[in-house]
Amino acid sequence: MTAALSRRVFLAGSAATAGSLSLGFHLPSATAAPAATPEINAWVVVRPDETVVIRIARSEMGQGTLTGLAQLVAEELGCDWSRVTTEYPTPGQNLARNRAWGDFSTGGSRGIRESYAAVRQGGAAARTMLVQAAAAQWGVPPAECRVENGVISHPASGRSTSFGRVAPAAAALAPPKEVALKDPKDWTIAGKPLLRLDTAQKLDGSQVYGIDLTLPGMLNAAIRDCPVQGGTVKSFDAAAVSGMPGVRKVVQVGDSGVAVVADTFWRAKTAVEALPIVWDEGPNATVSSETIAATLREGLDAEEAFVGNKAGDVEAALKGAARIVEATYSYPFQNHATLEPMNATARWTPERCEVWTPTQNGEAALAAAAEASGLSARACEVYKIHLGGGFGRRGATHDWVRQAVLIARELPGTPVKLIWTREEDMTHGRYHPVTQCRMRAGLDKDGNLTALRMRISGQSILAAIVPGRLAPDGKDPVTFQGLNPGGPEAAIGYTIPNLLIDHAMRNPHVIPGFWRGVNTNPNAIYLESFMDEVAHAAGQDPLAFRRKLMAKHPKHLAVLDAVAERIGWETKPPAGVHRGLAQIMGFGSYVAAAAEVSVSEDGTVKIHRIVAATDPGIAVNPQQIDAQIAGSFVYGLSAALYGECTVKDGRIEQTNFDSYPVMRLDEMPAVETILMPSGGFIGGVGEPTIAVAAPAVLNAVFAATGKRVRQIPLKHTDLRRA
Amino acid sequence: MIRLNVNGSVHEVEAEPDTPLLWVIREQVGLTGTKYGCGIAQCGACTVHLDGQAVRACSLPVSAVEAGQKIVTIEGLSPDRSHPVQRAWAELDVPQCGFCQSGMIMAAAALLRQTPKPSEAEIRREVTNICRCGTYNRVLAGITLAAERGEAGRG
């Protein structure tokens, strides 16, 4: 790599760093950067003042990935943690450098685990080069040198130097072909409960989110897209609002949207809401939650379905069973409701298109920008801005980026910031897919589970938004998260001699997306609630009933046992308090939860206590994992208690947090986390626990009331005492 | 022309009288630490102090603010992140994405100014801001820590 390329990459990288964004943007010239700071490799830059800049390819959206990845690089590098800072390389740089940073995608709880090898190798390679440079200056073998806190020493001769001093020489060396990585048991930076690197700027308002971005000469846009997915704009009366304060332009956005561009967002929003628009709502305008539910109900009995997991002969076993237990469950559409609504700033000229946006996948955002701009990807650039929440909404589809670029094309050379109102965000989501599930179990005369038949009917995320990832026969493997026969990602934790799990795909027009936890959420509710039902039907303790099926699944069992022990499953709960359990494997990790709840006479559920156990194999930052697990209960229980988007006349009915309530501090239970990394693998931690939050609580609600919640959210079940 | 006292400085801004204080603070005054989350006083991301009281700026027309009233935003809570709530937040690593935290910190600071030693029940009742990442238990611990230190009557 040439020094010139390194330098350019470094400068552009600085400009794209969220924390220094405004400075970097306004001073993108060579004079703004420290003199000639070459990178050691794609992951590491050492400045003359000993600051170590660690490049982070994945997006930080609150989950702590930025700090965790920096810990892994720093661990292998052997630098002084207090001198570490971070920056995002841009998707354009990744493209130009043959994907030197690999995948930018930050979803599926993959941010750390799929970077695990590459970033440690990057840190180790940089350390090797720094040592080699020092050793060459001293004329000693590199193997005789030691590295600690950014200081390289040669004990035999008593010499020492620093990373900053040898960095220019190290940068000129060829990278090592092979590097040895540390054993996690020897870690001193990774694996430790370090504080995050990005907290200070979140305490005084200085953190720049996409919605906060200001560029010279920037205008603001507000949009209304057709409330019915698939509908189009028939006409609009721009003249009715063009004289309103601050309005500069009214533009149609693709087939389905109209935006007002004004000097301020408030004026753009005021005008777009006053704008008369006539829609052609298209063929979906008659769809409702009821019609969708009817379609899914039909799928419960359909002949054809994709098989996800099969063992033995389930139909024969059910015929021969001493007793059959059957139940039907359902899971609704849910909005991600990131607290920062969708937004992007775009500047377009006939030669170049730039986009500044909070995104979970910079490369996908670049692809969306290129497509909308009419330019090649190499003529486009995306600057990732810190996200005010992601949860899956800002990853797979970049509908808002497309809109921002289309608007900017109408004002060449002028940066335009598009912000969605909360109402636009609520009604134009990429919703948690809607499914129903029929469960049927066969018990023998001794109450042993001999057969389990699970039919999922409903929506496929892949079919709607990434059809290229469907199996050749059209199957959506993501549907079966947590139910797979085996594998390192999301295997079922029970051995059932006769088993059939299949999926009748039914795709309503409401576009689904990857919603934190994805299909482990409904699947854990279906499976773990029903296990509870079957255990009760068999007259057995729900823990003991599960344990009999888990002998061949020791990691699933270990987390379940851990929560049972901590909650005191074998002891009597306090008066009026009842307990529930659940476990699942998802995103490469094993998780379980136990809940203590009480239900008052009027049916009000109070969650007193949660115990959660996680085996992620390797834990990179235990205190951040604790934060992810506690947060998972807010997300998962908000969904279980309240989360529902309903459809009427083809459109989503909920428009804001008054009609789409979420959990707040007054309802938040204490969460005790048990982190039990067993080593030998690395799983994700941002999502798996979401899935066990709901079934653990719902099983406890059953224990308290004798009422089984089979329709999510819980608000549909009348829990008042008769 | 509207005169506003924000963080001790007087700003003269041009805005329609029904413009919410939030958007005047963000777009005319240029302080973006105060966030837009819902626009209907549900989420609290826009919380600022008006004469020491927590208010949701998204639902307060700028014309309802008198020139003599003192507005404090997250940028003005302390000069150096030294407010007891900010210090507790840093120690406990409270924020995740951080988008709600300006409002959360301002709500917490206003609560402690009014009630320096709140009970857990009072904290749960009074801090009604939405956090989608789910930092609530650390928010609770942070307010408790700041209150224990007993110097949070300021701000």
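**Exercise 1. Which residue of E20(A) is the bridge partner of Thr435(A)?**

Before the solution, some conventions: the model is predicted, with local features needing pLDDT of at least 70 and side-chain atom pairs counting only at pLDDT 80 or more, while totals for chains, interfaces and linings use all residues. Residues are numbered from 1 along each chain as its sequence is written, and chains are lettered from A and ligands numbered from 1 in the order in which they are written.

*Solution.* Begin with the elements, where helices (H or I, at least four residues) and strands (E, at least two) are DSSP runs numbered from the N terminus. Strand E19 (residues 435–443) of chain A pairs with E20(A) in the antiparallel sense over 9 bridges, two strands being paired if DSSP finds at least two bridges between them. Within E20(A), Gly458(A) is the bridge partner of Thr435(A). The two strands E19(A) and E20(A) form a hairpin with 5 residues between them, and Gly447(A) in that turn has a positive phi of about 80 degrees.

**Exercise 2. Compare the span of H14(A) with its expected value, and state how enclosed the helix is**.

*Solution.* Helix H14 (residues 520–537) of chain A has 18 residues, and the expected span is 1.5 Å times one less than the number of residues. The distance from its first C-alpha to its last is 25 Å, close to the 26 Å expected. Because 16 of its 18 residues are buried, H14(A) is largely enclosed by the rest of the structure. Gly539(A), which follows H14(A), has a positive phi near 70 degrees.

**Exercise 3. Describe the contact between chain A and chain B**.

*Solution.* On the side of chain A, helix H7 (265–274), helix H17 (622–641) and strand E27 (670–675) each supply at least two residues, and H17(A) gives the most, with 8 residues.

How values were computed:
Two residues are in contact if their C-beta atoms, placed from the backbone, lie within 7 Å. A residue is buried if 20 or more other C-beta atoms lie within 10 Å of its own, exposed if 12 or fewer, and partly exposed in between; C-beta atoms are placed from the backbone.
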